[in-house]
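Visitor: I would like to go through this structure one term at a time. Please set each value against its rule.

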Number of protein chains: 2
Amino acid sequence: MARPPQKRRLETRARLLAEAARLVDAQGYAGLRVEDVVEAAGVAKGTLFSHFSDKDGLLAVLIGAEVMRLIDEMENAAPPADLPQLMERLVPLLDFVASDRVIFDLLLRYSGSTGAERDEIVTQGFYRQIDLWAGWIVSMQAAGTVRGDHPPALLAEGIQAFLNQVIAIRFCQGGQPTGTPAEALYPFLAAWLIT
Amino acid sequence: MARPPQKRRLETRARLLAEAARLVDAQGYAGLRVEDVVEAAGVAKGTLFSHFSDKDGLLAVLIGAEVMRLIDEMENAAPPADLPQLMERLVPLLDFVASDRVIFDLLLRYSGSTGAERDEIVTQGFYRQIDLWAGWIVSMQAAGTVRGDHPPALLAEGIQAFLNQVIAIRFCQGGQPTGTPAEALYPFLAAWLIT
DNA sequence: CTGCAAAAGTGACCTTGGTCAATTTAAATA
DNA sequence: TATTTAAATTGACCAAGGTCACTTTTGCAG
């Protein structure tokens with residue numbers, strides 16, 4: 001019989017997440033050290049790894065929460081009527097993922113992972129995203145602003161693909177990126193969604 | 001004045017690469033340990049890191065060489081006349097990248113990186129690939145088997161995007177993947193390249 | 001209240017990638 | 001050939017993530 005977690009455990013987990021978030025806020029994802037997190041939370045190192053599978057597992061919860069927030073935002077906004085409006089809706093998510101290499105790498109690694117019991121928050125976000133976009137596409141297809149000759153799910157996954165492509169290229173280009181991620185994304189989506 | 005590398009250095013580098021390749025062949029990329037490579041090559045650990053920026057740098061050379069070989073193959077084959085033939089040409093590369101998570105992660109991390117002096121073999125491969133595909137697209141556009149309403153370079157980058165998408169999803173799905181990577185790729189390319 | 005079993009937490013220890021001052025080896029020069 | 005200078009290599013050492021046998025705490029049953 002699996003008992004529910006005790007109050008102390010929930011508090012410890014919350015403290016770990018809160019301190020990790022604080023440290024990330026102060027010094028970015030790349031500079032986050034497990035040692036610092038456990039010290040700030042006042043627990044031993046082993047405790048962190050009993051709460052999260054590994055360092056990435058901790059980051060996945062932090063980043064996944066932010067992604068969920070952004071998807072909520074998208075869901076609450078009015079569905080886009082055409083491509084320019086679609087772009088507007090995507091910008092916050094695009095900017096977040098493009099803001100830090102660590103975020104991008106982690107999302108790519110976890111997206112869609114069969115997280116069975118694990119921190120499946122990233123996986124959930126991934127599917128919510130696709131579903132949401134597919135819904136948007138249905139209505140835009142009905143309005144005739146998006147091509148209707150392919151299933152919405154396929155088109156939605158394509159959006160995901162181009163989003164990743166644009167950000168990957170951005171990170172790889174090293175130096176100062178030219179223009180916003182959104183500007184780079186637009187021509188791809190135009191070619192993908194409009195016949 | 002930068003002098004050319006001495007013979008001994010070239011031999012050491014070759015030995016490191018050869019032993020690394022052998023170990024990868026025996027136990028896969030994921031299980032490769034720096035300690036094992038230097039022991040097999042009969043050098044100290046520091047030597048490896050004077051030849052390669054880090055472990056990824058070593059892997060990049062190994063993987064980059066293989067990618068170059070695959071691109072050579074593509075270049076030597078006849079240019080595809082239509083989508084099914086394009087798919088055929090892509091299969092070897094697709095299978096290679098899909099064969100190991102480490103390969104995919106590394107290529108994604110390095111692709112297009114401004115490798116200044118560094119192991120730019122992966123970067124070169126990346127651009128060769130896009131150029132080659134763009135060339136194919138030009139002729140297919142001329143033949144009317146591929147949409148002509150967008151620049152070949154954009155369409156070529158899109159192929160890259162879908163290739164990555166398909167493989168990412170494949171890895172993320174964990175368990176036994178359904179069908180070949182090529183089967184997953186086809187609908188995306190059909191929608192992308194044909195109006 | 002007491003004893004006990006499971007949950008939670010601990011910290012010494014391990015692994016592995018990566019560094020760098022010191023040493024050895026090769027080649028250029030006198 | 002002896003000397004010198006730079007290239008090449010060394011291996012002790014460090015950093016940081018991750019493990020696990022053991023201790024402490026908690027909640028429940030008697």
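Visitor: How do you know that the copies meet through the same surface?

Guide: This is a predicted model, and the answer is computed from its atoms. Of the interface residues of chain A, 100% are also interface residues in chain B, so the two copies use the same surface to meet.

Visitor: How many residues does the contact take from each chain?

Guide: Chain A gives 29 residues and chain B gives 29 residues. To be in contact, heavy atoms must lie within 4.5 Å.

Visitor: What area do chain A and chain B bury between them?

Guide: The size of an interface is often given as the accessible area lost when the parts come together. Here chain A and chain B bury about 2400 Å², and 64% of that is on carbon and sulfur atoms. In chain A, the residues that lose the most area to chain B are A:Gln165, A:Cys172 and A:Ala191, together 21% of what that side buries.

Visitor: Which helices of chain A supply at least two residues each to the side that touches chain B?

Guide: They are helix 6 (101-110), helix 8 (152-172) and helix 9 (181-193). Helix 8 of chain A gives the largest share, 10 residues. By class, this side of chain A has 12 nonpolar, 12 polar and five charged residues.

Visitor: How many salt bridges does the rule find across the interface of chain A and chain B?

Guide: The rule asks for a side-chain nitrogen of Lys or Arg within 4 Å of a carboxyl oxygen of Asp or Glu. Across this interface it finds zero salt bridges. For polar contact, the rule finds six residue pairs across the interface of chain A and chain B.

Visitor: Now the DNA. What makes the pair of B:Thr47 and DNA strand D a polar contact?

Guide: A polar side-chain atom of B:Thr47 lies 2.7 Å from a phosphate oxygen of DNA strand D. The cut-off is 3.5 Å, so a pair of N or O atoms within that distance counts. B:Arg9 also has a side-chain N or O atom 3.1 Å from a phosphate oxygen of DNA strand D. With B:Gly46, a backbone N or O atom lies 3.3 Å from a base oxygen of DNA strand D.

Visitor: Which residues are closest to DNA strand D?

Guide: DNA strand D is surrounded by 20 residues, the closest being A:Lys55, B:Gln6, B:Thr12, B:Ala44 and B:Thr47. Of the atoms of DNA strand D within 4 Å of the protein, 74% belong to sugar or phosphate and the rest to bases.

Visitor: Where does the largest share of the surface near DNA strand C come from?

Guide: Helix 3 of chain A supplies that share, with four residues. The residues of this surface divide into six nonpolar, seven polar and eight charged.

Methods
Residues are numbered from 1 along each chain as its sequence is written. Chains are lettered from A and ligands numbered from 1 in the order in which they are written. This is a predicted model: local features need pLDDT of at least 70, side-chain atom pairs count only at pLDDT 80 or more; totals for chains, interfaces and linings use all residues. Side-chain values use heavy atoms; hydrogens and water are left out. Buried area is the accessible area (1.4 Å probe) that two parts lose on being put together, summed over both. A polar contact is a pair of N or O atoms within 3.5 Å; within protein, one must be able to donate a hydrogen and the other to accept it, and residues adjacent in sequence count only if both atoms are side-chain atoms. Ala, Val, Leu, Ile, Met, Phe, Trp, Tyr, Cys and Pro count as nonpolar, Asp, Glu, Lys and Arg as charged, and the others, Gly among them, as polar. A residue is near a molecule or strand if one of its heavy atoms lies within 4 Å of it.
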